[in-house]
Amino acid sequence: MKKNKLKLRGKFLVYVILLISFLTGGTLFVVERNDKKVILSEGKKRGLSNALYLAALSTSYLFVYDYTKLEQNVDQVAKEPDVVYAMILDKNGSIIAHSSREDLIGKKLSDPVSIEAWNSSTQLIQEYHDPDIDAGIWDIAYPIYQNGVRWGMVRVGFSHENLIVEIAKNRRDLIILSLSVLIFAVLVAVVLAERISGPVRKLSDGALSISKGDLEQKIDIHTGDEIEELSHTFNRMTGELAKNRDQQKQLIDQLSNKNILLQKEIAAREKLEAEIIKIERLRALGEMSSGVAHDFNNILGAILGRAQLLLEKTRNQHTKKSLEIIEKAALDGAETVRRIQEFTRVRVDSRLFIEVDINELVNDVIEFTRTRWRNEALARGVQISIKKELGDIPLMMGDPSGLREVFTNLIINSVDAMPQGGTITIHTSVDGDRAVIKVSDSGVGMSADVQQRIFEPFFTTKGKSGNGLGLSMCYGIVSRHQGRIDVSSVPGLGTTFTVILPTTLAGAAKEEQPFTEEEAISAKVLVIDDDEQMRSVLCDILHNSKCEVEQAGSGKEGLEVFSRGLFDIVLSDLGMEGVTGWEVAQKVKETSPETSVALITGWGTQLDDEEVRTRGVDFVVSKPFRIKEVQQLVKQAIALKRAGKR
């Protein structure tokens with residue numbers, strides 16, 4: 001009987017030892033493999049994150065070839081743990097920034113890893129052994145694109161030696177833990193050989209519940225010996241598992257939050273890219289229409305000049321009225337051309353800015369559009385009301401005419417968006433050094449696709465009743481005030497346009513002094529223009545102002561005429577074949593610095609002030625012009641010469 005008892009105990013011990021060994025070994029294998037996989041995966045993510053961070057940090061500086069900033073960026077990334085090197089390559093594959101090897105600047109690397117990285121069109125992670133530091137390296141390459149064209153690449157070398165050391169340490173700890181568990185299990189098995197039935201069944205039942213995910217399960221055994229202690233140990237293990245599960249859940253939540261932040265950053269970048277595309281589209285349209293606008297300005301200049309000359313001479317009221325109509329039509333045509341040029345003129349012409357009261361402008365526009373939002377709406381049987389929420393906004397510099405045009409367009413758009421009536425709310429406030437104007441309506445709203453295209457020229461949702469220029473004009477006007485205009489809309493719930501303008505712009509409109517005949521009587525003027533009609537008009541205006549005038553039909557001819565005489569003023573067109581107005585100004589100033597040079601051009605509003613000054617031009621008059629503008633120019637030129645400010 002005793003012999004059978006020993007045999008049963010031996011079998012139990014063998015079975016327990018085999019089972020514990022198998023479970024411990026399997027657990028060790030799975031945990032060690034997963035631990036290695038997680039550590040290596042997290043290491044690659046860290047390396048890739050460094051590469052993405054370097055690319056995001058350096059993209060804008062790569063486009064403008066700011067090598068100093070690129071060097072600072074690679075040095076910053078190289079300070080990150082386990083980063084062996086960081087480098088930036090230009091579009092030709094040459095190194096333009098390196099964190100540790102200045103001798104490689106300007107060179108192309110020809111090793112297999114570098115060649116494979118450069119040939120990849122997407123992010124690439126390669127593993128190799130660096131004999132210089134005797135360490136395994138992950139080379140992470142990330143190409144940088146602009147409009148589908150690769151502008152360069154960032155590469156980050158990330159050492160995984162510390163990760164290998166960490167994996168080895170974890171493996172050693174797991175082995176020690178497994179051996180400890182195995183030894184402990186054998187000792188417990190020896191003690192449990194005599195008491196295997198009831199307590200083991202409890203342990204088995206409890207383990208089964210835990211294996212099903214019930215980590216709140218508690219095994220309650222009161223034997224007063226090691227079995228009870230084992231149950232307590234089992235319960236503590238369950239608690240650790242529950243704690244690890246909670247920690248894992250927290251890590252998942254943190255990863256989810258980081259993903260949300262990443263999605264927001266991606267959305268912000270996409271919004272910025274859309275804004276750049278919109279600006280480039282407007283610029284391309286303006287370049288296309290610039291030449292047409294210039295030709296129209298020449299034609300309108302001749303019409304306006306002749307009409308004004310005839311107005312000064314005629315005494316017949318009927319003829320005078322007809323000439324005034326022609327003059328007004330020419331000025332309206334010039335305004336239309338100006339609107340075409342508005343698409344690309346994003347430069348702030350602060351000389352034309354005056355002090356404006358935003359709230360006063362809003363009140364003026366509300367009254368100006370009252371017929372549209374009230375009378376016409378009532379005639380259709382609907383009611384539209386305007387609610388004002390005007391805050392305290394300081395006086396600021398701006399173009400009141402342009403800003404009135406912006407607010408007028410926004411109110412009219414809101415009226416059109418409320419065919420069944422509703423409320424327009426205009427809210428003004430100050431945010432730091434910016435004025436914020438919001439125009440909201442309770443209309444039909446817009447889809448996301450429409451919102452993306454709303455500021456494009458000629459895009460309209462009004463069919464034949466709209467030309468698609470209103471909001472694109474608003475965009476241009478706000479941009480010239482160094483501000484921005486945004487739209488937020490939900491279909492069926494209405495739309496809000498937000499205009500943000502800086503309150504710190506400087507500018508002052510110059511008050512014109514009246515022209516006196518005595519001041520211009522002695523002026524000798526040379527007129528250079530390849531357009532015969534414009535040249536003739538200018539000569540007649542100057543003759544009527546008692547000036548001595550000579551003319552030339554080209555830049556080359558004009559310089560020949562200038563070389564034969566002394567002139568107080570040279571009036572030249574800008575765009576001429578052969579010798580341009582810029583070249584005329586340069587030659588005149590080289591020969592006679594005291595002679596004033598004025599450009600009379602259809603591109604006047606688009607010329608840069610700094611370029612005008614550096615090229616020797618004293619005055620710029622935009623076509624079409626009024627007679628008083630030419631007379632004022634002569635007066636200023638003579639005054640400048642008399643004052644001796646050359």
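Figure 1. A search of the whole structure, which is a predicted model, finds one cavity of 30 Å³ or more. The space in the largest cavity amounts to about 30 Å³. Helix α10 (400-416) and strand β10 (434-441) are the elements that give two or more residues to its lining. The residues that line the largest cavity are V362, F407, I411, I426, I437 and V439. By class, this lining holds six nonpolar residues, with no polar and no charged ones.

Figure 2. I175, L179, I183 and L187 make a nonpolar surface patch of about 380 Å². L179 is placed in helix α4 (residues 161-192).

Figure 3. F22 belongs to helix α1 (residues 2-63). Its relative accessibility is 63%, so F22 counts as exposed. Between the C-alpha atoms of F22 and L182 there are 9.9 Å, while the two residues are 160 residues apart along the chain. I17 is also found in helix α1. A relative accessible area of 31% makes I17 partly exposed.

**Figure 4. Two loop residues with positive phi.** Most residues other than glycine have a negative phi. D82, which is not a glycine, has a positive phi of about 70 degrees. D82 sits in the loop between α2 (67-78) and β1 (83-90). At 17% relative accessibility D82 counts as buried, because the limit for a buried residue is under 20%. Q482 is a further residue other than glycine with a positive phi, near 60 degrees. The loop between α12 (470-480) and β11 (484-490) contains Q482. Q482 has 52% relative accessibility and so counts as exposed.

Figure 5. Side chains of opposite charge can pair when their charged atoms come close. The count of salt bridges in the model comes to 13. In one of them, E42 pairs with K45, and the closest N and O atoms are 3.9 Å apart. E42 and K45 are separated by about one helical turn, because they are three residues apart in helix α1. E42 is partly exposed, with a relative accessible area of 41%, and K45 is partly exposed at 47%. D173 forms a salt bridge with K169, in which the closest N and O atoms lie 3.3 Å apart. Both D173 and K169 belong to helix α4, where four residues, about one turn of the helix, separate them. The relative accessible area of D173 is 34%, so D173 is partly exposed. K169, at 43% relative accessibility, counts as partly exposed.

Figure 6. D139 and R155 form a salt bridge, with 2.8 Å between the closest N and O atoms. D139 lies in strand β4 (residues 135-146) and R155 in strand β5 (residues 149-159), so the pair ties together parts that are 16 residues apart in sequence. Both D139 and R155 are buried.

Definitions and conventions
Residues numbered from 1 in each chain as written. Predicted model: local features only at pLDDT ≥ 70, side-chain atom pairs only at ≥ 80, totals over all residues. Heavy atoms only, no water. 1 Å grid on protein atoms, 1.4 Å probe; cavity = no way out; pocket = protein on both sides within 12 Å on 5 of 7 lines; lining within 4 Å. Points joined across faces, edges and corners; volume = space filled by probe spheres on them. Nonpolar A, V, L, I, M, F, W, Y, C, P; charged D, E, K, R; others polar. Patch = residues over 30% accessible without salt bridge, like charges linked within 9 Å, V, L, I, M, F, W, Y side chains within 5 Å. Areas by Shrake-Rupley, 256 points an atom, 1.4 Å probe, with all protein chains shown as cover. Salt bridge = Lys/Arg side-chain N within 4 Å of Asp/Glu carboxyl O. Buried < 20%, exposed > 50% of the residue type's maximum accessible area, 1.4 Å probe, protein only.
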